[in-house]
Amino acid sequence: MVDLVLGIGAAVGASTLYSLGIALQAMDAKRAPADEHLRLALMRSLLRRARWLTGTGLSVLGWPLQVLALLLAPLVVVQPTLAAGLLVLMFLAQRMLGEHAGRYEHVTMCAIVIGVFGAALTAPNRASTQASDLTITVVLVVLGVSSFLPYLFGLFDRHSPATVTMLGAGLGFAWSGVATKLASDDLSQGHIGLAVAWGLSTAVASGVAVISEMSALQGRPAIQVAPVVFVTQTVVPVALAPVLFSERFTATPFGGVPLAASLALLIAGAAMLARSPLLLALMEGERTSHPSGSAPSRSAPSQETIRSSPASDEDDPSTSTTRTSPARIGR
């Protein structure tokens with residue numbers, strides 16, 4: 001139990017660094033030229049921005065903490081717990097914008113906290129047992145190819161649908177989540193070379209996913225992008241954990257029902273919190289009117305405006321995103 005608590009603590013620490021990095025990176029995502037959509041030029045453009053690089057550095061610093069978390073706790077707990085970083089962003093939004101969270105935010109934050117506690121109390125034992133090399137290879141190849149689907153449209157001179165781009169980003173981060181678990185297992189067994197190789201692979205996968213997510217933000221408001229990316233990158237590794245790492249729900253109390261319910265509550269709460277106009281306003285440094293009780297600002301857009309505004313290079317108020325993915329080297 002001590003290892004589990006320490007593992008959750010490390011995951012929260014990693015998520016905090018990831019989220020602080022996001023708060024900086026997202027401010028620049030929409031300002032890249034539209035013709036850089038799904039191109040390396042987008043990354044080159046962002047790499048010239050000091051604020052975006054600072055955010056990337058914070059995200060990179062979070063990855064060792066995620067590896068430590070996976071050395072102490074099972075993947076099915078660590079991956080969803082990374083959503084706790086959204087609570088940090090909400091705290092920052094309130095302090096920086098002078099606004100108060102409303103009922104919507106309070107309910108979703110409670111869902112995250114209850115979900116984390118529920119998962120901790122019903123978690124399976126951490127397992128270092130892995131599936132066969134063939135199974136792992138097939139799974140990673142499928143995830144990798146799926147994450148590249150947005151770029152395949154470009155090979156045929158077609159524009160990738162926004163949904164495909166968002167899912168591609170989520171699957172890329174899911175790939176890096178699985179690879180981070182593999183790195184932690186090899187590290188625990190003293191296979192340093194393999195651990196380093198898996199670590200490098202997470203950087204590559206995350207870099208590709210970052211281009212996809214930033215491209216998605218160019219065409220859709222973050223209030224649509226963030227939940228899709230978050231849910232995909234969280235649910236896929238958790239679903240694969242029983243197959244790849246023997247972290248079986250049926251081995252937990254009451255046949256895994258409490259664990260599944262806790263994870264569902266956590267994921268739903270995080271996906272809903274990612275849509276909060278208070279978080280979206282944080283990324284723009286603006287005040288925002290709130291739909292559930294906080295004082296409105298005369299200069300702020302309404303929630304409905306935030307939800308429905310079309311994307312543009314400079315004026316879209318929705319530039320937030322979620323961070324629950326490992327080694328987000330490009331974030």
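**The salt-bridge network**

E247 and K181 form a salt bridge, with their closest N and O atoms 3.6 Å apart; the term means a side-chain nitrogen of Lys or Arg within 4 Å of a carboxyl oxygen of Asp or Glu. Because E247 lies in the loop between α11 (222–245) and α12 (257–273) and K181 in helix α9, the pair ties together parts that are 66 residues apart in sequence. Helices here are DSSP runs (H or I, at least four residues), numbered from the N terminus. This is a predicted model, in which local features need pLDDT of at least 70 and side-chain atom pairs count only at pLDDT 80 or more, while totals for chains, interfaces and linings use all residues. Residues are numbered from 1 along each chain as its sequence is written, and side-chain values use heavy atoms, with hydrogens and water left out.

E247 is buried at 0% relative accessibility, where buried means under 20% relative accessible area, exposed over 50% and partly exposed in between (1.4 Å probe, protein chains only). K181 is also buried, with a relative accessible area of 0%.

K181 has a salt bridge to D185 as well, the closest N and O atoms being 3.2 Å apart. Both residues lie in helix α9, four residues apart, about one turn of the helix. D185 is buried, at 0% relative accessible area.

The side chain of D185 also meets that of R126 in a salt bridge (2.9 Å, N to O). This pair links distant parts of the chain, 59 residues apart: R126 is in the loop between α6 (103–122) and α7 (133–147), and D185 in helix α9 (residues 162–188). R126 counts as partly exposed, at 25% relative accessibility.

A search of the whole structure finds three salt bridges, and R126, K181, D185 and E247 are linked in a network of them.

Definitions and conventions. Helix = DSSP H or I, 4+ residues; strand = E, 2+ residues; numbered from the N terminus.
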